[in-house]
Amino acid sequence: MGTTVIRGGLVITAAEETNADVLVEDGRVTALAAHDSDVARVWAESAGRVIDATGRYVIPGGVDAHTHMEMPFGGTYAVDTFETGTRAAAWGGTTTIVDFAVQTVGESLRAGLDAWHAKADGNCAVDYAFHMILSDVTEDTLKEMDALVDEGVTSFKLFMAYPGVFYSDDGKILRAMQRAAGNGGLVMMHAENGIAIDVLVEQALAAGRTDPRHHGEVRHALLEAEATHRAIQLARVAGAPLYVVHVSAMEAVAELAQARDLGLPVFGETCPQYLFLSADNLAEPDFEGAKYVCSTPLRPKEHQAHLWRALRTDDLQVVSTDHCPFCFKGQKEMGLGDFSKIPNGLPGVENRMDLLHQAVVDGHISRRRWIEIACAAPARMFGLYPRKGTIAPGSDADIVIYDPDAAQVMSAETHHMNVDYSAYEGRTVTGRVQTVLSRGEVVVDDRSYTGRAGHGRFIARETCRYPG
Ligand code: URP
Ligand code: ZN
Ligand code: ZN
């Protein structure tokens, strides 16, 4: 692979903004130098390729630490394959995904992980890694956790929701946390009190409240907060760090903030849907609300300000997508007349970097905070930093040339995700991905796709590198 110089742009990392040219050699960043410096001129003269980034941002490729490609769920499958989903990720400026391999109840972690390797191997447009979903905590699976950490699958998701599917009781959760405390793994928690929620689901359906908006009501914010509190206490008892996924309720944010104020190694992620959408979308007529059914659910608008503030104060560290797309036709429609049968999940892997740039435009976060929550923090949290998540000598040349002034309208007509609707249909945002490099290879070239299935490699991760 030859030498590439990215010239004339504003390089933004989580740490600093610099007017610098970037030298890429053999898939890695090797040096940065001031625009028009002697050294940068020499690079440009001898480079195999010079990319003009004048007037553009030069940012690290996004790291989306929460995706579900081809995930079996709710009697169907998430419709993006690793091929279509990682291509869409590239289009949206995300160059690494961390997807969730699933353990089937009664089977080993190894069988689940092997199945996910088989789905992804040779099909990805950008690099990928795996977390492991623990659906069945037994003596055997606890032992298997150690082996997975050794092979770079260093985080484990457990569910306090979905009884009979992924649910683990408190004893199982405690055991898994104790194991993670010993092997350096990070427990990721879906924090909702699923036992109580199932009672409310049953009552709602019996009373004829069957529309999608009731999905949000039965998955009560206090049941997210309660589970978050319980997960934190269990992690404290186990002496393990904790990462709470898809935080949506302000009451859950308060639990995380309180724990962090005590100095506990407790971390949290939210997702664009909780920042930009609300329970109003779940109430859209003609079953359209089904498009927005996910868990934790979209909340009333007043929760959004608390999420934004937590992202500024670092009480939430990461924004991931929880990309889990189901088509409206034929899949979301499975829940017509019974909201509990609507497959849970939203598409978003292509939209995250742009929506968060819009948050910069709107004044919610700074440019560097954008890069922190979308690139650097997820890379640190999941043992990918500084290989991913920054632009520095030695890091992989996963780089996005971003046009901060271009306007775009989000739509299913133009997106690249394999799903028949956009959760952000018709929304205009300022900013757009122009060119994307993955390990030095141009995969999106001035808004033309030049990538290929099989370019993306599995990345064995280190353990969590987050301070605290
Ligand atoms: O609704 C969601 N979030 N679907 C994906 C599975 C999960 O719980 O993350
Ligand atoms: Zn979840
Ligand atoms: Zn998820």
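The text below covers the overall fold and then the metal site.

The model is predicted. Its protein chain contains 14 helices and 20 strands. The radius of gyration is 21 Å, close to the 23 Å that the globule rule gives for 468 residues, so the chain is as compact as a globular protein of that length. Taken along the principal axes, the C-alpha atoms fill a box of roughly 70 × 50 × 40 Å.

Buried residues make up 61% of the 468 in the protein chain. Of the contacts between residues at least 6 apart in sequence, 75% join residues at least 24 apart. The accessible surface of the protein chain is about 16,200 Å², and carbon and sulfur atoms account for 48% of that area. The chain carries 42 positive and 63 negative charges, whose mean positions are 2 Å apart.

A distance of 4.1 Å separates the zinc ion (ligand 2) from the zinc ion (ligand 3). Lys-157 belongs to strand 12 (residues 155-159) and His-190 to strand 13 (residues 186-190), so this pair ties together parts that are 33 residues apart in sequence.

| Residue | Relative accessible area | State |
|---|---|---|
| Lys-157 | 2% | buried |
| His-190 | 1% | buried |

Both values fall under the 20% relative accessible area that defines a buried residue.

Note on methods:
Residues numbered from 1 in each chain as written. Chains lettered and ligands numbered in written order. Predicted model: local features only at pLDDT ≥ 70, side-chain atom pairs only at ≥ 80, totals over all residues. Heavy atoms only, no water. Helix = DSSP H or I, 4+ residues; strand = E, 2+ residues; numbered from the N terminus. Rg over C-alpha atoms; globule rule 2.2 N^0.38 Å. Buried < 20%, exposed > 50% of the residue type's maximum accessible area, 1.4 Å probe, protein only. Contact = heavy atoms within 4.5 Å. Areas by Shrake-Rupley, 256 points an atom, 1.4 Å probe, with all protein chains shown as cover. Lys, Arg positive; Asp, Glu negative; His and termini not counted. Charge placed at Lys NZ, Arg CZ, Asp CG, Glu CD. Donors = N, O, S within 2.8 Å, 3.2 Å for Na, K, Ca; no water.
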